[in-house]
Amino acid sequence: MAGSNKTNPTTALRTGITPPRWLLAELTYACPLQCPYCSNPIDYAKYQSELDTEDWKRVLTQARKMGAVQLGFSGGEPLTRKDLPELVKHARGLGYYSNLITSGYGLTEEKIIQLKEAGLDHIQVSIQASSQELNDHIAGTESFQHKKEVAHLVKKHGYPMVLCVVIHRENIHQMPQILEMAEELGADYLELANTQYYGWAHANRDLLLPTKEQFEQAEQIAQAFKEKVAGKMKIYYVVPDFHEDRPKACMNGWGTTFLTIAPDGVALPCHSARELPGLDCPNVKDYSIEQIWNESKAFNFFRGYEWMKEPCSSCDEKEKDFGGCRCQAYLLTGDMYAADPVCSKSPNHPVIQEAIDSARASALSDNEKPLIFRNSKNSRLLS
Amino acid sequence: MSINPDQTIKFSPMHRLQWEEVQQKDVILYPEGMVELNQSSAEILKMCDGTRKLDQIIADLEQKFAMTGLVNDITAFLEVALKNGWIQQN
Ligand code: SF4
Ligand code: SF4
């Protein structure tokens, strides 16, 4: 286990464990797109097996019983699963509020109607940029026109329309056009998600990380627009933590709120947790959700504050940010118990500035290396 | 934004109001979010079924809970609800 001699927290059921509220069901790693910031693990191609319909139904039932209510069907591209309408129907029957997180690829009007009848509550369509050329380049697939059509159809059939745009150096200059596009498409919610640097985004960071000036300018534009459309469109702005001096309160605290199930049935406290060593994340084929949530080593690993090291363990802000993101600490310092290096109190904080400088140098260089697209070939090559 | 007394009030079709057994609470669900309601807020929202106007909602709630003088509290809450998009008029 990297850089630590801590013993594992007890696996006994402890008081003070809160029930899960959000369930992210990653139905598959299959995806026709190739986004270079994809949050799926780099080595996803080696996880070939997928849970079957009955497994997923059991997972949904068990998690709902414990209190999960917000449900995201994600992936990969969840539309590649033939049993999606059946799972949606099962979820609706249990009382979930369910969301389809999709690239829009393969979504027809017929399917939109079928999913509505099955009880789907909303659809979140991701668009990569505000122009066809850039969208299709980033997605690694021709998809722009179809995505816009899908957005119209989602609205037409009475779903709240959630548009999601992941922001990075290749598209951040399009912020004004992205906002215009969202308004034109009639989005009810717009998620402007600054890239979080895990998975594929970590591998492509030199090419994706914008400069501080770019961030600030884009944020100003987005904030002004937020006021303009108040009452009509709700904007979720996911902050880019590389330019902050305190980390985000990751997952609202480990094992407190969020539960992710990967395509092969591995239960994860956060969708990047697969990258952490030695967690032994349990599989829903072997254990019930209740056992996993309450008793598994993985879900208890970073619960509470006992696992912390200095400067976090004696810090008076630890209840605010829980020491930040464990995956980011591990990716950037090699020690998953360390303070998130975004924090200016972390002795590793300079790695953040190094990353920013390295990205700037890459942007200014004449022969910038190309983006690594997310596909099975690259996955096998890199893992 | 304020409540128009001449129009009926209905709960937004873009949100869902639901009882949560584990939390023993009514909640409002919407994309990426959830609001937990206390009992009185939930009772007010349940009256917003598209058939009642403001004065009927007040009268029905006062009768249901055998209370009077709820006008200000109910109106204030409904204004918040309207601003948040939980309810709609016309
Ligand atoms: S981020 Fe892009 S490549 Fe990854 S699952 Fe989503 S649509 Fe597919
Ligand atoms: S030292 Fe740790 S707990 Fe304190 S603010 Fe920084 S990351 Fe948070």
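Me: Which residue forms a salt bridge with D121(A)?

Reply: Happy to walk through that. Side chains of opposite charge can pair when their charged atoms come close. A salt bridge here is a side-chain nitrogen of Lys or Arg within 4 Å of a carboxyl oxygen of Asp or Glu. In this predicted model, local features need pLDDT of at least 70 and side-chain atom pairs count only at pLDDT 80 or more, while totals for chains, interfaces and linings use all residues. Side-chain values use heavy atoms, without hydrogens and water, and residues are numbered from 1 along each chain, with chains lettered from A. The partner of D121(A) is R16(B), with the closest N and O atoms 2.6 Å apart. This pair crosses between chains, from the loop between α3 (109–118) and β4 (122–126) of chain A to strand β2 of chain B. Helices (H or I, at least four residues) and strands (E, at least two) are DSSP runs, numbered from the N terminus.

Me: Are D121(A) and R16(B) buried or exposed?

Reply: Buried means under 20% relative accessible area, exposed over 50%, and partly exposed in between (1.4 Å probe, protein chains only). Both D121(A) and R16(B) are buried.

Me: What does R64(A) form a salt bridge with?

Reply: R64(A) pairs with E20(B), the closest N and O atoms being 2.7 Å apart. R64(A) sits in helix α1 (residues 53–66) of chain A and E20(B) in strand β2 (residues 16–20) of chain B, so two chains are joined. Both residues, R64(A) and E20(B), are buried.

Me: How many salt bridges are there over all chains?

Reply: The count is 26. Some link up: R246(A), E317(A), K320(A) and K345(A) belong to a network of salt bridges.
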